[in-house]
Amino acid sequence: MDHLKTIITSFVSMPDEEYDQILPLIEKISLKKDTDLLRQGQICNYVYFIESGFFRMFYVDYRGDEINSRFCRPGDFAVDFASFVTQKPSLYYWRATEDSNVIALSRSAIEKMYDRSVNWSKFGRLIAEYSYLQINTREEMLHLLSPEERYKTILEKESHLLQHVPQNQLSSYIGIKPESLSRLRKRILRR
C-alpha cells in the first residue's frame, strides 16, 4: 500500500486523512500467469494498480494474430480508458505474463472519490492524461519512426521489456515480424 501512496502523491499531494479515504474502497486481486484481468468484449469497470508482476495489453486482429499495445510493470496503472469512460465492451485483453498482484478501484469507488475531493478529481485527470500520453507516444513511434528507430527507442526508454517480453510479443509491439526483429537485433549488435 505504501507503493500506491507514493505513486498517487507523486501526481498530487494530499493529506494522509484524504488519502486514507480510498483504503476501504480498494480490492486486492492475485492472478496466476496467463490469467486475464480484462477480456476483449468485457466492459472495463476498474482501474488497476500493479503491485507485482507484469501485464500485456493486446488485441486479436482480423488474421487471429495477437498485437501488443502496452505493457505494465509494478508501479503502473492499467485501464482500458475507452471502455472505462464509454462503458462499451473493450477491444483488448489485459493478461498477466507472470504471477501478479493488483489493487483494483471500481468505477463507482473512483466516482465517489471524485465527489469527495478536489485532489482525487485532479489525480483522476492526471492519470487520464498520463495514459493518453503513453498511447500517443506509442502511436507516434509506430507512424513516425523506422523499425530500427523503434527498436532503439525500446532499448533507450523501455529496456525493462527485454527481460519480460518474448521476441514475438516485442516484435508485434513495435510493428514488425519476429524474423525482422531478429535481423534488426543482429545488425545493431554488429555495430
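Let me start with helix H9, residues 178–190: its 13 residues reach 19 Å from the first C-alpha to the last, close to the 18 Å expected at 1.5 Å a residue. The expected span is 1.5 Å times one less than the number of residues. Helices (H or I, at least four residues) and strands (E, at least two) are DSSP runs, numbered from the N terminus.

Please note that this is a predicted model, where local features need pLDDT of at least 70, side-chain atom pairs count only at pLDDT 80 or more, and totals for chains, interfaces and linings use all residues. Residues are numbered from 1 along each chain as its sequence is written, and side-chain values use heavy atoms, with hydrogens and water left out.

Which residues of H9 are buried? They are Leu181, Leu184 and Ile188; buried means under 20% relative accessible area, exposed over 50%, partly exposed in between, with a 1.4 Å probe and protein chains only. Seen down the axis of H9, these residues fall within an arc of 65°, so they line one face of the helix. The arc is taken from the directions from the helix axis to the C-beta atoms. They pack against helix H6 (147–157) and helix H8 (167–174), where contact means heavy atoms within 4.5 Å. The face turned away from the buried side carries exposed Arg183, Leu189 and Arg190.

Now strand S8, residues 100–106. Six of its seven residues are buried. S8 pairs with strand S1 (residues 27–31) in the antiparallel sense over five bridges; to pair, two strands need at least two DSSP bridges between them. Here Leu31 stands opposite Ser100. Strand S3 (residues 46–52) also runs antiparallel to S8, joined by six bridges, and Tyr48 has Ala104 as its bridge partner.
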